[in-house]
Amino acid sequence: MRLSSVFVILATFAAAAILSLVAARLSVILIEENSEIGVRDALDARGMTWAEVQADGLQVTLAGIAPTEAVRFAALSTAGTIVDAARVIDDMQVEAAAAIAPPRFSAEILRNDAGLSIIGLIPASTDRDDILDRITAISGDAPVTELIELADYPVPAGWDDAMGFALTAMERLPRAKVSVEAGRVAITAITDSAEEKAQLEARLNRAAPPGLRVAMDVAAPRPVITPFTLRFVKDDEGTRFDACSADSERARTLIIGAAFSAGLTGPGSCTIGMGVPSPNWSTAVSQAIEAVNTLGAGTVTFSDADITLVAAEGTPQADFDRVIGDLENALPEVFALYAKLPETVDPNQGPAEFVATLSPEGLVQLRGRVSSENLRSVADSYARAAFGSDNVYTGTRIVDDLPATWSTRVLTGLEALSNLSNGAVTVTADTVVVAGNTGNPQASTAIATLLASKLGEAQEFDIRVTYQEKLDPVASIPTPDECEAEIAGIIATSKITFEPGSATIDASALGTMDDIAEVLRQCGDLRLEIQGYTDSQGREEMNLNLSQARAQSVLNELRARRVLTSSYSAKGYGEADPIADNDTEDGREANRRIEFRLIRPKPSLPEGETTLETLAGSGDTVSTDGDAAAEAEDTSDEQN
């Protein structure tokens, strides 16, 4: 009996223990479920569905990847409102921050008489020492200022071409600013003349790598005119300026107005320059022109403040004295007048003493009289140096008793002749006459300035030079837009065709290639893209490759015809940009085409902060969306 009682008591205690353990376990499970469900519901209510909640006893573990550090703290705070914050275990991670966008690499290179400077941000992999070595070589003895920063990011496409071209351009630009970005170079420069500007732009276009966008703003400022020269003529051939200089727009208007009042009928051209000897220049010129007009005929030449007025032969002495007297009294201070009334020349006095002629083929003949063997030798040597050794024939003879200034007059006349495309210079004891044709619109001014400065005061000369545009190497070149339009016209009437499914130009189109090559030879340096297009039949990739091969074939044909193509590129666009319906045979035929398009530089961006200022304000980051949009715009602009 006693054993049975003990057994019952032990069994009772065991059962109670088991029931207690079961109850405790059920309580823990209930607490875990309530905690987990409560925390999860609270997080979901705040949109934190990314969070994972797991309860383990009294502890609640939060896991998952939070978008930001702030959101992670918000999740902990939310869980702390449901359970004791001490029970919350943080096992969350924060989403990795987006890679920092690379900066916009750029550089500014400035060169003038004070030296050369470069500032900007460039990729760390760029050879900085090589850039500085080239900058130092370009600068020579002038000081160099270097403010280059480096950033360790990948080199953007087009950066190396842009920087290399910028340094090449700076070698030819003594006064310029060059802005460099990936795939783009903007040049602002100053030249001494319009001719130098045209030559510089042509050289830079040839040197630019294909695909590089180049924007050029080259200015030709007012020239320095020494001596400040003007020559006005009124004779049987009409009223004209052989040379005209003014120091301002107002002065030019006043001078041209006086010339029109004196009978000028053609366009009045007057160069605005620096070096005027007096602020009263336009007043003195207007008075002198009015005096010539009053006399009825004659010439007036200004060389700085020296004025030479020569009346026409046969002018009454009384009229000459009256007009010259009035002019002398009216002229502003500084100006000195020499006036001459030529004696009537005997028409039978004989031929000119010395004549040098220049033919359209470039052949030169020297005939007439010279004062010494030395002058004959010097004149012959000068002519051969100026016109070519094989182009000169000398048939002069030595004569005594020529004027003391004969040597100066002959050599000055030859120098004046070198400004012409063809013509003659005639030297006599009284005058030097230069006549002929030129392709330089400033030739008359240059000749007048030369004769006025070399012959001296009171020496007569006559300039009869005609400007012909066909002789002008700059004006005779068609504009790029005219070239593009002319080629488009050729293709419109005689299409460039290919053998079926091939990049070989059809034999019937070779004449068209000849016509296009002739136009391009006349157009000079162009940045041109030869574009190939196909219809939509076949696979897109195959069409793209075929269009590229056809564009390249056209470029090769131009090279075979000795067209300078260093600034040309060939690009295939496949079935893109159709100009007709690909559902018809006629439409597909129209879409299979070659186009010649000018590569037009994107306009310069407005002046703004420097690269370093931008980086300082933005923390070395730029908008990748903005870059992508700009790149897409550039690509579209160049393709269309």
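## Disulfides

A disulfide is a pair of cysteine sulfur atoms within 2.5 Å. In this predicted model, Cys483 and Cys523 meet that condition, with an S to S distance of 1.8 Å. The torsion about their S-S bond is -115°, and the link is left-handed.

The structure holds 2 disulfides. Besides the pair already described, a disulfide joins Cys244 to Cys270, with an S to S distance of 2.1 Å. Because the torsion about the S-S bond of Cys244 and Cys270 is about -75°, this disulfide is left-handed. The pair links distant parts of the chain, 26 residues apart. Cys244 is in the loop between β13 (238-243) and β14 (245-246), while Cys270 is in the loop between α6 (249-261) and β15 (271-272). Cys244 and Cys270 are both buried. When the bonded cysteines are counted along the chain, the disulfides follow the pattern 1-2, 3-4.

## Helix α13 and its contact with α14

Which residues bring α13 and α14 into contact? From α13 come Leu510, Met513, Ile516, Ala517 and Leu520, and from α14 come Val554, Glu557 and Leu558. Sorted by class, the contact has 7 nonpolar residues, no polar residues and 1 charged residue.

The structure holds 28 salt bridges. One of them is formed by the side chains of Arg206 and Asp525, with 2.4 Å from N to O. Arg206 lies in helix α5 (residues 194-207), and Asp525 lies in the loop between α13 (510-523) and β25 (528-533). The pair therefore links distant parts of the chain, 319 residues apart.

Glu585 forms a salt bridge with Arg592, and the closest N and O atoms of the pair are 3.4 Å apart. With a relative accessible area of 45%, Glu585 is partly exposed. Arg592 is partly exposed as well, with a relative accessible area of 23%. Elsewhere, salt bridges that share partners join Arg231, Asp235, Arg240, Asp242, Asp462 and Arg464 into one network.

The partners fall into separate accessibility classes, for which the cut-off for a buried residue is under 20% relative accessible area. Arg240 has a relative accessible area of 18% and is therefore buried. Asp235 has a relative accessibility of 30%, so Asp235 counts as partly exposed.

Notes. Residues are numbered from 1 along each chain as its sequence is written. This is a predicted model: local features need pLDDT of at least 70, side-chain atom pairs count only at pLDDT 80 or more; totals for chains, interfaces and linings use all residues. Side-chain values use heavy atoms; hydrogens and water are left out. A salt bridge is a side-chain nitrogen of Lys or Arg within 4 Å of a carboxyl oxygen of Asp or Glu. Helices (H or I, at least four residues) and strands (E, at least two) are DSSP runs, numbered from the N terminus. Buried means under 20% relative accessible area, exposed over 50%, partly exposed in between (1.4 Å probe, protein chains only). Contact means heavy atoms within 4.5 Å. Ala, Val, Leu, Ile, Met, Phe, Trp, Tyr, Cys and Pro count as nonpolar, Asp, Glu, Lys and Arg as charged, and the others, Gly among them, as polar.
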